[in-house]
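Reader: Could you take me on a close look at a single part of this model? I would enjoy one connected walk through it.

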Amino acid sequence: MANLSLKHVYKVYPNGTKAVSDFTMEIGDKEFIVFVGPSGCGKSTTLRMIAGLEDITAGEVSIGDLIVNDVEPKDRDIAMVFQNYALYPHMSVYENMAFGLKLRNLSNEEIHKRVLETAEVLGITDYLDRKPRAMSGGQRQRVALGRAIVRNPKVFLLDEPLSNLDAKLRTQMRSEISKLHQKLGTTFIYVTHDQTEAMTLGTRIVVMKDGYIQQIDTPRNLYNYPDNKFVAGFIGTPQMNFYDAALNRRGDTVEICFLNTDDKLKVPYENFLKVKPEYLSGKKEIILGIRAEKVICDPDYIKKHPEAVVSCTVSHTEELGDETLVYGDLAGKTDVVADTKTSVVFKVDSERGSEINAGDVVKLAFAFHSLHFFDKETDKSVSPRVPEVNAFDGTVENNVLKISGLEFRLPKALETADGAVSAEIPTESFTFTGDQKAACIERETILGNNLLHLESGGRVFFAKTDSDVKPGELKIGLDMKRISILKDSKILHKPLELKNVLYGSVNRKVVKKTVEENGKTRKKKSVEFSLAVANGEYQVPDEMLKRLVTGGGMGVFKKKLRFEFSPYAVRAGKAEGPITGSVEKTLDYGTERFAVVKVGDASVTAKTDAELSGDVRLGIDLNSLVVIDDKIDMIIA
Amino acid sequence: MSRNNRLRSKKRAESAANTFIYILLILISAIWLIPFIYLIFQAFRGESTGMVNYIFPRQWSLKNFVSLFTKTEFLQWFANTLIIALVVSVFQTIIVLMVSYTLSRMRFRGRRFLMNLILVLGMFPGFMSMIAVYFVLKLIGLTQNIVGLMLIYVGSSGMGYYIAKGYFDTIPRALDEAARIDGANRRTVFYQIILPMAKPIVIYTTLMAFMAPWGDYMFASLIAFGNTKSYNVAVGLYTFLDKEHIVNYFTRFCAGGVIIAIPITILFMLLQKYYVAGVTGGAVKG
Amino acid sequence: MVDLNYLKMTGFQKFRYRLGRFFKNLPKNTGAFLKRIPHKLGRGLRKFAGIFTEVFAVFKRGDWKTRTSFFAMGFGQIARGQILRGILYLAFELIFIAYMIFFGWKYLVKLGSLGDVALSSKVDPETGLTFNTYIDNSMLILLYGLLTVFFIIAFIYVWRQNCIQNGETQKLSELGFRLDSARDDIRAMADKQYHKTLLATPLLGILIFTVIPVVFMVLVAFTNYDSMHQPPAKLFDWVGTQNFATMFGVNSVATGTKFGFTFGSVLIWTLIWAFFATFSNYFLGMLVALMINKKGIKGKRIFRTILVMTIAVPQFISLLLVSKMFAEDGIVNGLLLSWGVISEKISWLTTGGLARVMVILINIWVGIPYLMLIATGILMNIPEDLYESAKIDGASPFRTYMKITLPYMLFVTTPYLITSFIANINNFNVIYLLTAGAPYTLNYESPAGYTDLLITWLYKLTMTQTSNYKMASVIGIMVFVVVAVFSLIVYNRSRSVKDEEDFQ
């Protein structure tokens, strides 16, 4: 059972600014969650929505089992620590801590007991009769913590509580908060812009930017496996080195060509297995990222890997005590004060560091296993920890796809002419009940999923599964709906469309019905609500209607709505439902059959049992509809 | 040492400047104080009751004070003004606090409109509306007594919210939010959190409200017109100085002035730091 | 783009450049401004019309409960279980109807004519005494008629609220949501709707004591209510803009031109007075504060206390006293004569130009202590590092004052200056208590005098035998216009100034 859950939470201001978009997260009991990101990324806003200090524009927030969207802050069983402590200045410390309890009508003895206990834990018993202005920043912060603790809430919310303290005090309070969390065992949600605080305190960290979640993961995983360039650059001090580059695969090695210097690195292909194949053609620009400690200055290592070496002109060094940070430039531009596109920073131990002077030219190697690659335009990582797709080169013979020593029979929907093809097979599309064999050489467990490294035909590929599969010889099969087949870079077969999109609205009608009552026929006027999806009309179940109005507001009746649903949520047949369309084509995947039905301008892929053609009707399972406000792109239900 | 010479001449220039300033300041202080010294002297002057050509009394006596209380309605006027001041200071403070807190803390539809409306209304001279109010009060029968005057002062006092609102704006909103999370509703926040913190501005508002009726001539003369028993001290003392009275009443005027000036001055001196805090709008941390 | 050429210019060149640009852009800016007016007007009209279209839409969509509520307010609320709300609305409607029938209707009807017959006199044949029966009272008609108009407006507003609310609750109940009960409403009074709870009484007070009276007086400006047309014996009538014509001297009647001249002169003097009064106090007060605050001056507290004491003494005492001191047979003349400085008495406060100068000087005496207090408070708050940085840069005391102290002070006290200027336009006490507006001159329409401000003239027109309420109202409106114009100008300019400077 999750302690706190946020589902598709949006915050949109009346002037149209989207402060928080599609925030979805489950927070478990006893976790220490940190929201981190630059100013204006929406972290404080999200925290305040959890607290109830801001209205939730769309989405659901639940604490425990209770949906708290409309619940007042005081009834949500939460406590909050503010950045400026927000202590009541005219009350003593004791009264500050007792205030909330008094409002809840606890007995004086109970209040006294709790306040004393908490004061004991925080070490502020001696200050109980003082006023806030007679105390230092650190003491005030403790009182603010005490005021929250004494309430015994389900969730602790902390909004940048350490920002106003000096550096030393900050470090000290950080460990105190950590210890407090251990002792109390309550869920903590902590907001900060300081990534060091985030990394040291959090069990899981939510990195946010411009209102969107960038990545949710443990500190270690965020550090080692950033999902995009922003997270990579945000987490970790000093900041990751970034370089514009392009990757070119030549057989067993991949060439990394820097765009702003003439350097080229040659790295064995085995380090690039998880990289999407299109990035290895040399045609797409990527951003190469490498952390300071993975830039190696050691002469022995450099001698061993001469093909992966660049030269750097040192501009200055920073002495840290046990190690030294060296700053330089790969293209020799050391007279410009600001950072250039070829700046580099790396770490050496202090002994070596004392030997390096400004102006020296040193040779550096990049550690192969620690390279990160990001798409230049989208900033997303192109070597994800859990790859999405495997790319194969193979052939088709008699409608049998032969790739890497594996043979798969193509279903009717994927009938292909004989010849050389390339196939893109998503990692999720492998099943383990087929008749092909592959060796599982490794298993990684990432965020609850298993990533299997499979080997066949001399090459390694990946499969994602949540079933518990042990390494060894495995029987594998392929979910044909998910694969793409290309010939000469042209797509012959696409994977099955899993997201159908239709437009419509929700309407209110006044209907006159003739009703039989007590033997007399009467005309009764009643109000009915209907859901118009494309050209069909459904009667809206009450639950769904309430959800729509809660999420979309009273004005939802005037909005253009977008409905998204999977093919499994819709059935096609002669009399399945109110939506009419005509069949464009049917896709027979052997075990399953789908029909692509043209409805107005859109195409809907629907599951079907029989072979269909001509005009059909579609029926949609309303409970699995995702309803989106089309104008502002916000999920309503 | 030329450096020492330079230092010394700089110091000399500075002390010359300082001396000049001292002279100016002493002159200014004298000019400011003279009228009040004059007032006090005239109040204690024993001989004659009109204006004379010299400052120092030849005879010191208290008879002006005595005749002020026995032969005029001064005591009535003083009592009137005192009652008015007390009542008005209480109610005006309450109303001003209510309005300024609401406009400062709460956001509601029509808030901007209300603030602009009050701004525009304030551009009309206050006296203009008083004429109409006078007619109404006459109909009800509340003219020529102090109740009518009190109603006027208190009635539209909500328009003077500006300074108090500025003060409330400086109280951080995080306090409201912390209290709401602790479980307080808006009313509790107002009474238990914000008001105790607003002591300086409460005192300022009360002080200003208390002091105003003592010096108001314009409204008091309008409402009290015709009934000398309902005059306040300003209107009453003014009559002492008109052509028919001044010969006999000048010294009594001065005596009256002294009697009023003393308590007000003491009150103001005690609370002057609140006055400064209010006028500078909390820019002075005080 | 960074305009490096502009940055290179000297102060004067910059000024010339900006001036040139202002004039160059003037046609474009005025065009844009004029284009915006109809746009804004259109928006205003649409919003206004929107009020009615909203209500109409609710009616169209409404069920029988809602529609009945259009006629019997509160019906829908009661029918849906919100008894408290319904009863309150219904009661309001009944009260309004009763009011209109028994009271309001009479006066509303007569509003256009302001009464036909003031009184009818009957002579009792036996005793020979005249009995007067009062019939129409123009003042009461205007007053109560106005009250009725306001009541009607309030009723329309409440009625609209009722209809809209019905529409909303209808929607909610259709969708199956729970409606607010009476308990919810009462609880909300202390929380979500607390602003209404707090504002109710003050706003009522403002409505009764400011809004309605001001509107009443504005209306009087369009009548001929004066000593010759005074109810209950006489009626007064609407005269359109005749009073304004008189005020601006447009009337060809002899008194008309005098009025116009008087008005112009009084207005000019009011503005001059306000300007000098405000700025003389401001700069001199600042100067005194600087002198006292200067390092090396001892006895700061003593000097400040002396000056502050003068604030404490009620202003009217000080002013009356000083006015008598400078009277013809006052102490100042007496002493100067006895010292031989002058040979005959000077009419300080009763000679045209001299009176005006004296008034300004005495006002300085009254006002400097206030300004000194404020200036001291602000001066103490100027961050020290601004001065230290200037000292390191090598600025002389004069330059420091001009470039640091003065701008900072101006920035902080701009709102105060504005309010002070506007307050001085209406500074009744200083003028009236010192000179009562004297000296009088035949050039002016009586009872205006040489030192009269618009406000004191207004007072005189009301309180003296002339009882010239109509002209008093016109003056009041004029004061409003003057103040409004100044407020707008300064408000807009100080806004843009605030955007440019950054003192934080």
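Author: Strand 7 (residues 155–159), helix 5 (residues 167–184) and strand 8 of chain A form a right-handed β-α-β unit. Right-handed here means that, with the strands pointing away from the viewer, the path from the first strand over the helix to the second runs clockwise. Helices (H or I, at least four residues) and strands (E, at least two) are DSSP runs, numbered from the N terminus. This is a predicted model, in which local features need pLDDT of at least 70 and side-chain atom pairs count only at pLDDT 80 or more, while totals for chains, interfaces and linings use all residues. Residues are numbered from 1 along each chain as its sequence is written, and chains are lettered from A and ligands numbered from 1 in the order in which they are written.

Let's stay with strand 8 of chain A, residues 187–192. Strand 7 of chain A runs parallel to strand 8 of chain A and is joined to it by 5 bridges; two strands pair if DSSP finds at least two bridges between them.

Strand 8 of chain A is mostly covered, with 6 of its 6 residues buried (20 or more other C-beta atoms within 10 Å of the residue's own, with C-beta atoms placed from the backbone). In a regular strand the side chains alternate between the two faces of the sheet. Here A:Thr187, A:Ile189 and A:Val191 point one way, and A:Phe188, A:Tyr190 and A:Thr192 the other.

Terms used. A residue is buried if 20 or more other C-beta atoms lie within 10 Å of its own, exposed if 12 or fewer, and partly exposed in between; C-beta atoms are placed from the backbone.
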